Amino acid sequence: MSQEFSRTDRVSQEIFRLLSNMLRRETKDPRLQGLTLTECKVTKDMSLAKIYFTVLGAKSGDVEVVEAIKALEKAKGFFRTELGKQLRLRITPNLRFYHDTVPEHVDHIEQLIKKALY
């Protein structure tokens, strides 16, 4: 039996795909080098899209992460305009960018497991 996905899930996936392509192909800002999108969540009313990202080799609070957030905020208007052209939604969601700390937690948990095993 196939599982049906909600409209917000489909819109989230499409925003994730489009933003990933824009970051790879159209963004020239050097502060966004090494940035990878990890997840996109859209609210039920589709007014807000929360986009999570990581920066290669950087942890929360590092200069690279702070600069990436500044660059993403600066380019937010461009991203939203491009999404509006390609998504064909009545209202294009506002974009909010968050640094994804899950990889940091995974590293910490792996270290604790290794410590407990040895």
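A nonpolar patch on the surface is formed by I109, I113, L117 and Y118, which together have about 530 Å² of accessible area. Patch residues have over 30% relative accessible area and no salt bridge, with nonpolar side chains joined within 5 Å and like charges within 9 Å; a salt bridge is a side-chain nitrogen of Lys or Arg within 4 Å of a carboxyl oxygen of Asp or Glu. Areas come from the Shrake-Rupley method with a 1.4 Å probe.

This is a predicted model, in which local features need pLDDT of at least 70 and side-chain atom pairs count only at pLDDT 80 or more, while totals for chains, interfaces and linings use all residues. Residues are numbered from 1 along each chain, and side-chain values use heavy atoms, without hydrogens and water.

Y118 lies in the segment after α3 (102-117); helices are DSSP runs of H or I with at least four residues, strands runs of E with at least two. Y118 counts as exposed because its relative accessibility is 81% (exposed is over 50%, buried under 20%, partly exposed in between).

P30 lies in the loop between α1 (7-25) and β1 (35-42). With 63% relative accessibility, P30 also counts as exposed. Its C-alpha atom is separated by 21 Å from that of L95, 65 residues apart along the chain.

α1 and β1 each supply at least two residues to the lining of the largest pocket. The lining includes S20, R24, D29 and L37. By class, it has 4 nonpolar, 5 polar and 2 charged residues, where Asp, Glu, Lys and Arg count as charged, Ala, Val, Leu, Ile, Met, Phe, Trp, Tyr, Cys and Pro as nonpolar, and the others as polar.

Key:
Buried means under 20% relative accessible area, exposed over 50%, partly exposed in between (1.4 Å probe, protein chains only). On a 1 Å grid over the protein atoms alone, a cavity is a set of points where a 1.4 Å probe fits but cannot get out, and a pocket is an open set with protein on both sides within 12 Å along at least five of seven lines; lining residues have an atom within 4 Å of a point.
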